[in-house]
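Hi everyone, thanks for making time today. Please have a look at the model on the screen, and then I'll walk you through a few of its details.

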Amino acid sequence: MQKQSSISGLLDHDLEAQALSLQKSAKNKEAIKLYKKLLQIDDNEQWQQQIAFCYVQRAKAFAEKGMLQEALVLWESHTEYTQPPFIAYDQYIIWLILVNNQPSIQAGLEQLTAQQLDKQYPVLATALGYLLLTKHPEFEQMLPHESLFLTHFKIAQTAIQAYQDGNNDKLQAALKQIPYRSAYRDLRTLLSAIVAMADSPVQAQILLTKIPAVSAYAPAAKLLLACARDGAELVEDLVEFNHQQRSFVGDIIGLNKKQLDFVQHYSREHEHLSDKVQFNLAIQYLDLLDTDTVQQFCQALLASYHAGKKDYYKHFGEPDEFEEYRVKALRCEQDNNLYDADYYWRECISILDANAAENGLQIALILQRMAAREPEGDKRTELLIDSVAYEPDNRNTYLQIMHYFSQQQETAKEHKLWLSKTLEQFPQDVDVLTQAVKAATRNKTFKKASQYAAKILSIDPLNTFAKQTLFASYLAHAQRLMREKNYRLVAKEISEAEQLKSGKAYSKQLELMHALLYFASEDKQQGIQKISTALADLHTDPVNRMFHASMQALLNGLPVATILRELPQAKEYLLSTQEMSDLIQQFELYAIDSDNLGYLYKALDKIKAPLKKSLSDQNYPEELLLNLCKVLDSFEHFELLRHCARVAQLQCKKPIWMYYRVYADKNGKAEDCSYWEIQRLENANKQAREAKDYPSSILIDKFLDSYYEAHPEQNMGFLEGLFGGAGDEDGQGDPLEELFGHLPDRVMIDLNSKAEALLKKTTPENLIQGLAQQVDGDQSLLMAMMANPDIFSALMLLKAADELLIDIDTNIDDVIGVFGITENKSAFPFPF
């Protein structure tokens with residue numbers, strides 16, 4: 001008996017767990033069924049509460065779908081399992097009101113307490129307050145008379161009556177008696193806005209926007225907001241209203257019948273505003289609008305709505321020659337016929353140029369429009385330059401011209417010229433001065449960069465870019481002076497940098513500079529302690545500290561070994577993800593100035609061991625490894641780049657890692673790549689394109705292009721590379737042509753595909769060993785393959801033919817004969 005009871009208890013527990021799981025997954029219908037089964041076993045109070053909760057959740061779900069009758073039935077079912085106060089009772093009453101169930105509404109309202117109405121159900125209270133004032137004043141008798149809600153209702157009635165009587169003093173007095181948390185607070189805001197509309201329409205709009213969108217008073221607020229608007233904003237608001245609401249707003253703001261007709265017409269058509277509809281609306285209601293505005297609007301539409309030409313001529317007369325060309329140009333642009341569009345725009349310019357003094361702006365706008373349709377390049381820039389003559393104060397045009405010339409080294413002279421012109425035209429413009437700072441920094445004219453940065457700060461004292469530029473300038477100058485042992489002036493430069501007050505991070509750098517100066521000019525031992533403290537404040541790990549200390553020692557002409565001796569050892573340290581990210585930021589900072597690269601290499605030597613160990617032992621995010629590769633590539637540290645690429649390739653399988661692996665192995669020299677490396681890159685490029693990884697594909701393409709420029713004979717693929725470059729134009733003297741030239745193209749394509757597949761499955765080294773075994777380990781053949789890649793290619797094709805069971809009438813003896821391979825090892829100049 002005890003055993004049976006135990007089993008029953010386990011089953012109950014299992015059912016309860018299932019029910020609770022369904023309830024948490026919002027599967028309330030299924031949960032209710034399980035709870036009913038449980039309640040048949042035991043009248044458990046907790047299960048009753050759970051089933052009641054599930055019924056209410058189902059009721060809310062049906063109400064959200066607009067199925068209010070079903071929601072009411074489900075809510076009422078929950079009352080069988082619980083006692084008052086019921087869950088979501090306020091929502092239940094709102095549902096009753098919405099379905100207009102009068103008997104149930106009365107019963108529901110009479111059960112409300114003052115506590116519920118005044119504090120617990122604010123949404124219901126606001127809705128009831130609105131209904132008492134509008135549709136259902138009878139609700140007052142059903143509500144608790146001791147509630148603050150009804151007290152505030154009387155005040156609200158007084159306020160409305162005072163407004164209707166025009167008694168502003170009585171109105172204001174009544175509104176002040178309505179508290180912020182009252183159910184009538186939105187009515188207070190609404191009436192205050194109405195009173196303010198006459199004298200302060202802006203203040204009225206601000207008040208109206210404070211009424212929440214879910215408030216019962218929100219529709220009235222929306223109508224009043226529309227009354228405060230005009231033009232396009234008014235029309236867009238009216239479109240959202242029904243006919244009665246539009247008429248109401250029209251009466252308030254004084255729209256005439258013609259204007260109301262336009263609004264009604266526009267409201268019907270606004271979702272289908274084709275060019276034809278817009279054109280006809282503009283013509284039909286021409287007398288409501290400015291004639292010149294309508295004419296310009298219709299002229300623009302003629303480019304796409306050709307059928308409107310007749311009506312246009314009827315109302316505005318035939319356009320002049322300029323307008324004819326303009327419409328034709330616009331039409332050509334819509335058809336993407338830029339050649340003819342260019343012709344018609346130039347005809348427009350010729351007409352306007354006759355009076356360039358008055359038409360300069362129009363000419364400039366046409367030239368800028370033509371430029372905008374062109375891809376970035378010489379033609380686009382020439383059009384922009386032409387436009388400057390007609391609109392010399394268009395800053396954006398100058399900036400576009402400068403940007404184009406700044407991208408290429410061969411246009412440095414033009415960039416300098418246009419920078420000078422732009423500075424002359426806009427000497428106080430921060431954006432222009434910023435470009436000047438960047439250009440001066442690129443050209444290593446740091447004094448000029450500092451002058452421009454100082455000018456920016458005189459205009460915009462909080463400009464971060466200018467502060468950073470000046471800070472870097474002061475620091476660089478201080479480092480130069482430190483190398484010259486001019487310590488007094490070093491202290492002056494540090495003081496100048498401190499005046500910038502650039503922030504905590506920069507203050508820490510200056511503390512390090514102070515410590516370095518103390519080390520150089522006063523006491524070595526105390527200086528080292530100060531340096532160690534400053535570095536600890538800058539970095540949490542010994543690797544970043546060691547690198548930073550090395551770079552600063554080198555830049556300031558101080559002994560690196562002496563300074564590093566007192567720092568914590570970093571050889572076995574593993575960098576965290578954040579610490580590695582901080583190190584990458586240091587690399588990026590110092591790599592900006594190419595003069596630092598020698599120092600950068602020396603500093604990296606100090607942390608090479610922990611950096612490599614961290615890359616090998618830690619599992620960094622792929623994005624972090626990619627950032628490291630990018631920065632190492634920027635200053636061509638191929639040793640670390642190789643290590644990073646190998647580690648990343650083991651963890652990640654994206655095409656970019658094959659690129660970095662080959663790129664680093666060849667020290668960035670594409671011309672040194674082997675055939676097999678190029679094949680791997682071609683395959684990686686294909687994968688990148690299929691994955692829509694365009695940045696990787698662009699990098700690989702650029703590297704492959706460099707290879708094919710150096711080896712044009714390889715640019716035709718595997719087979720063409722085999723037969724394309726060694727012999728003369730007829731292929732005479734080419735051993736590969738002699739061995740395989742008799743085979744049909746179809747067979748050669750099959751062999752090529754199979755050869756490439758074999759290379760993907762195994763390494764070239766294993767293939768060499770297998771092929772060598774076919775000639776009884778002939779060392780002369782093996783050495784020949786190593787010396788001449790064409791022999792290896794030929795043997796690969798033989799291997800492919802064997803795999804495909806194709807008789808190609810060529811064997812290994814033919815290969816040995818054609819290439820003249822002998823057992824004379826002296827023919828191969830190897831040192832073994």
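Let's begin at Asp665, which is partly exposed at a relative accessible area of 29%. Partly exposed here sits between buried, under 20% relative accessible area, and exposed, over 50%, using a 1.4 Å probe and protein chains only. Before going on, a word on the background: this is a predicted model, where local features need pLDDT of at least 70 and side-chain atom pairs count only at pLDDT 80 or more, while totals for chains, interfaces and linings use all residues. Residues are numbered from 1 along each chain as its sequence is written, and side-chain values use heavy atoms, leaving out hydrogens and water.

Which residue does Asp665 form a salt bridge with? The partner is Arg646, and the closest N and O atoms are 3.4 Å apart. By salt bridge I mean a side-chain nitrogen of Lys or Arg within 4 Å of a carboxyl oxygen of Asp or Glu. This pair links distant parts of the chain, with Asp665 in helix α38 (residues 655-665) and Arg646 in helix α37, 19 residues apart. Helices are DSSP runs of H or I with at least four residues, numbered from the N terminus. Arg646 is partly exposed as well, at 39% relative accessibility.

Salt bridges that share partners also join Asp605, Lys608, Lys612 and Glu639 into one network. Within it, Lys608 bridges to Glu639, with the closest N and O atoms 3.1 Å apart. Here too, distant parts of the chain are linked: Lys608 belongs to helix α35 (residues 597-617) and Glu639 to helix α37 (residues 638-651), 31 residues apart. Is Lys608 buried or exposed? Lys608 counts as buried, at 18% relative accessibility, whereas Glu639 is partly exposed at 31%.

One more pair for you: Lys379 and Glu374 form a salt bridge whose closest N and O atoms are 3.4 Å apart. Lys379 is partly exposed, with a relative accessible area of 42%. Altogether, the structure holds 18 salt bridges.

Now let's move to helix α10, residues 168-176, where the buried residues are Leu171, Ala174 and Leu175. Why do they lie on the same side of α10? Because they cover an arc of only 100° around the axis, the arc being that of the directions from the helix axis to the C-beta atoms. On the other side of α10, you'll find Asp169 and Lys176 exposed. And what covers the buried residues? The cover includes α9 (148-165) and α11 (185-196), judged by contact, meaning heavy atoms within 4.5 Å.

Note on methods: Helix = DSSP H or I, 4+ residues; strand = E, 2+ residues; numbered from the N terminus.
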